[in-house]
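Notebook open, model on screen. I want to see how the pieces of this one pack together, and I'll jot things down as I look them up.

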Amino acid sequence: MNKTILKTENLCAYFTDEKVLKDVNIQFERNKVTAIMGPSGCGKTTLIRTINRMHELVPGARITGRIILEEDNIATLHPILVRRRIGMVFQRPNPFPTMSIFENVIAGYKLNGIHLPKDEMNQTVEEALKGAALWDEVKDVLHRKGTFLSGGQQQRLCIARALAMRPPVILLDEPTSALDPKATSSIEELIVELKDTVTILIVTHNTAQAARVSDFTAFMYLGELIEFGTTQKMFTVPDHKKTEEYLTGKFG
Amino acid sequence: MKERTYYRIARDKIFISTVVLLCAISIVPLLLILYYIAINGISAINWEFLFNLPAPVGEEGGGVSNAIIGTLMLVVIASIMAVPIGILTGIYLSENKDSRFAGMIRSTVEVIMGVPSIILGIIAYAWVVLPMRQFSALAGGVALAIMMLPVIIRSTEETLNLIPNELKEASLALGVPYYRTMIKVILPVGLSGIITGILLGVARIAGETAPLLFTAFGNQFMNLNIFKPVNSLPLMIYYYATSPYEQWHVDAWGASFLLAIFVLGLNFITKLVARR
Amino acid sequence: MTNKKDEKKGSRYERNESIFQWILIVSSIILLLILIGIFVTLPLNSMDSIKEFGLRFVISTDWSPQKELFGALPFIVGTLLTSFIALLFSIPFALSIALFLGEYFTHGIISTILKSAVELLAGIPSIIYGFWGIFVLVPVIRMLQIKLGIAPYGVGIFTSAVILTIMIIPYSASIGREVIQLVPNDYKEAAYSMGATRFEVIRQVILPIARSGVLAGIILSLGRALGETMAVTMLIGNVNKLPDFSVAVPEGFSLFSFNSYVTLFDNILKGFLDGVFSPSNTMASIIANEFTETTTDLQLSSIVEIGLVLFIMTLIINLIGRYIIKKTSVM
């Protein structure tokens with residue numbers, strides 16, 4: 001199997017006339033955690049949203065260049081099919097308020113009208129919740145609504161929801177910025193565990209977090225990829241001056 | 001300087017007293033109306049009143065059963081027409097905040113809301129009664145449906161606007177198509193707000209008389225055929241109240257009592273639902 | 001690794017998406033069609049009358065089915081009189097309620113009580129207002145008329161105006177309250193810190209800022225008053241003539257006699273009261289009364305034309321009100 005599971009080639013993104021991503025070329029390695037960091041406005045969120053084609057929700061947004069997922073050019077696939085192969089977890093936990101915990105986890109199937117036999121459904125939910133380190137806490141209250149959970153638990157529920165689809169790649173968009181420190185560290189532990197089963201891309205503005213959880217780091221600035229490499233190298237001997245300035249807190 | 005200050009303080013106190021007084025006076029008509037309806041209306045209500053058909057003048061035991069059924073019929077007919085269109089249009093407006101077409105539709109809705117109800121009666125007369133050559137519950141329903149639409153559209157749009165965008169994104173990111181996201185995720189979340197809108201719409205049209213004068217027209221007998229004229233509580237109140245017969249006046253109070261309970265009760269239920 | 005199945009699924013989703021979008025658009029277009037329908041139906045059905053009377057229709061005071069002469073002036077005047085009087089009467093009350101709920105008591109149980117009362121007032125069907133008016137308001141007005149020495153009809157323009165006042169207060173009150181509540185605290189605090197009394201803050205800070213919004217609320221409630229039908233129909237007396245404001249010139253009037261002036265003033269007052277209390281009809285009430293009792297096509301067409309005039313009038317008033325709201329864009 002190819003080491004690279006996902007890559008972008010000369011990726012540029014435009015919001016109407018403004019160019020927000022400039023010729024980004026990255027190769028994401030399978031079963032590793034890659035952090036994407038940079039100051040606000042650097043394009044990191046835009047980057048991951050182009051990967052699961054969520055940028056298309058904004059009128060006037062378009063890309064040039066290619067994004068290849070496991071040998072497929074995602075531009076040739078229907079966006080819906082792309083999004084089923086790529087999971088996403090957002091900054092603020094957003095479990096569906098009218099659904100129970102169980103229904104939330106299985107939502108990817110239910111909402112798409114995919115009928116699983118009961119046993120398979122239960123198994124999928126249990127696996128996903130275990131994968132998100134939430135099973136023990138909610139196994140007895142699966143049929144209660146998810147809104148009573150704490151922030152950290154809700155976010156893990158969202159992770160379980162994404163995991164249930166068994167995607168090869170999961171995108172995390174600043175998943176802990178709305179959480180307290182304790183919840184943050186439990187999510188970070190989870191991320192490190194999960195990489196055995198999924199490839200993770202995590203956008204974060206917290207450089208310490210990037211250092212803690214990621215194997216590779218991409219540093220972006222004003223829409224350009226400034227530097228990409230192992231986290232080890234980036235944080236000790238970065239190649240670019242800008243990277244070093246960012247990491248030492250000179251800006252951003 | 002001191003006198004000036006005393007004057008200013010006194011003026012301030014007089015002003016707030018006047019404001020409070022005027023507010024209190026404003027409530028007086030409400031209390032009077034509720035009082036009269038209760039006193040005169042309750043005494044008119046009994047089994048016969050609720051279940052009998054209207055009796056000719058002079059005969060005892062007349063009731064308003066056909067008016068009650070007629071009102072319900074009209075509400076149902078109007079709702080069948082107004083609720084789907086209202087919700088769908090509300091969804092469209094909420095999902096297209098910036099488009100010029102949506103702005104045009106929004107203005108259209110507001111204009112329709114401001115049209116006097118009797119004019120809508122004329123419209124329904126021209127569109128339904130004339131071609132059918134007959135007064136009918138359907139015609140009344142059409143007029144009422146047009147009145148109901150803006151209420152439902154507005155509350156649907158407002159409800160959906162309050163739903164955070166992230167919910168939509170969470171569903172779309174799971175690979176759920178847009179139309180399924182709206183129907184299976186967003187609408188259920190906004191359900192209580194939409195239902196509130198429908199209840200408000202019903203409360204608005206249940207008490208309407210003017211548009212029914214030459215559409216539903218009224219009927220002495222019970223009628224369940226939507227293509228024929230039908231009675232309704234407000235119509236009945238109008239005809240009885242403006243008649244010279246004492247017995248009919250009594251019945252009109254009873255009918256007013258029923259109507260008031262229904263309409264005000266709906267408004268009250270709406271408040272409860274909205275709180276959830 | 002795209003396969004045929006995925007492609008099929010993809011195009012199925014495309015199709016469903018388009019269907020959904022189409023349904024939404026069609027639904028919205030229906031609204032447009034309804035409005036266009038209204039604009040077309042009214043003139044279409046008043047063609048006979050328009051062709052027969054032309055512009056004279058709005059100036060003529062004839063209304064006689066036998067002679068086949070129809071003019072809308074009495075009803076236009078009746079509508080305008082009742083509505084404007086009601087508007088005038090309602091302003092102090094609506095403003096008080098707006099200030100009470102928007103400034104003095106924005107929270108708390110008293111506020112809830114008043115707010116609920118106002119909402120109840122707005123929720124009472126017009127027919128009930130009319131009915132109650134006949135049996136409670138009319139006798140009172142009759143007594144007043146006897147006291148004033150004018151004909152004790154009980155019904156008339158004044159009575160209708162009173163009931164209209166009660167009915168439109170909730171509208172301007174609620175818009176006024178919203179606008180007043182939206183006045184930023186900073187301005188109020190600046191004034192308070194300079195030692196202003198509450199009344200002064202209201203008069204010199206809040207009302208000037210909220211002025212356009214309050215004005216818009218008043219205009220919109222005028223629109224409501226113009227179109228109100230049932231309560232007015234039941235209380236206006238149904239007389240198809242212009243209200244009678246004529247003033248009798250006293251006999252033997254002399255420029256130098258003080259008594260003459262007293263009598264003249266008396267007569268002016270009486271003329272005014274006669275007019276204000278006279279039975280009349282409004283555009284909405286004539287339609288309500290005569291629509292089903294027209295004998296000729298021309299009569300029906302004239303009634304519809306009155307409806308057209310009413311529609312245009314309320315439309316213009318509502319557009320003006322909404323325009324003001326948009327300009328101030330407080331809401």
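Predicted model: local features only at pLDDT ≥ 70, side-chain atom pairs only at ≥ 80, totals over all residues.

I started with chain B, which is divided into domain 1 (2-44) and domain 2 (65-275); such bounds come from an automatic or database domain assignment. Residues are numbered from 1 along each chain as its sequence is written, while chains are lettered from A and ligands numbered from 1 in the order in which they are written.

Next, the two domains of chain B. Their C-alpha centres lie 34 Å apart. Six residues of domain 1 are in contact with seven of domain 2 (contact: C-beta atoms, placed from the backbone, within 7 Å). On the domain 1 side I found four nonpolar, two polar and no charged residues. For these classes, Ala, Val, Leu, Ile, Met, Phe, Trp, Tyr, Cys and Pro count as nonpolar, Asp, Glu, Lys and Arg as charged, and the others, Gly among them, as polar.

The axes of α3 (residues 65-95) and α6 (residues 137-162) come within 6 Å and cross at roughly 35°. Axes here are lines fitted to C-alpha atoms, for helices over the stretch in contact, and angles run from 0 to 180 degrees between N-to-C directions. The residues of this α3(B)–α6(B) contact divide into 20 nonpolar, eight polar and one charged.

B:M148 was my next stop. Leaving out residues up to four places away in sequence, B:M148 touches B:A78, B:A82, B:G86, B:G201, B:R204 and B:I205.

Now chain B against chain C. The contact takes 61 residues from chain B and 63 from chain C. On the chain B side, α1(B) gives the most, with 18 residues. By class, that side has 47 nonpolar, 10 polar and four charged residues.

Last, over to chain A: is A:F228 buried or exposed? A:F228 is buried, because 20 other C-beta atoms lie within 10 Å (buried means 20 or more, exposed 12 or fewer, partly exposed in between, with C-beta atoms placed from the backbone). A:F228 is found in strand β10 (residues 224-230) of chain A. Its contacts, leaving aside neighbours within four places in sequence, are A:I26 and A:A218.

Technical notes: Contact = placed C-beta atoms within 7 Å. Helix = DSSP H or I, 4+ residues; strand = E, 2+ residues; numbered from the N terminus.
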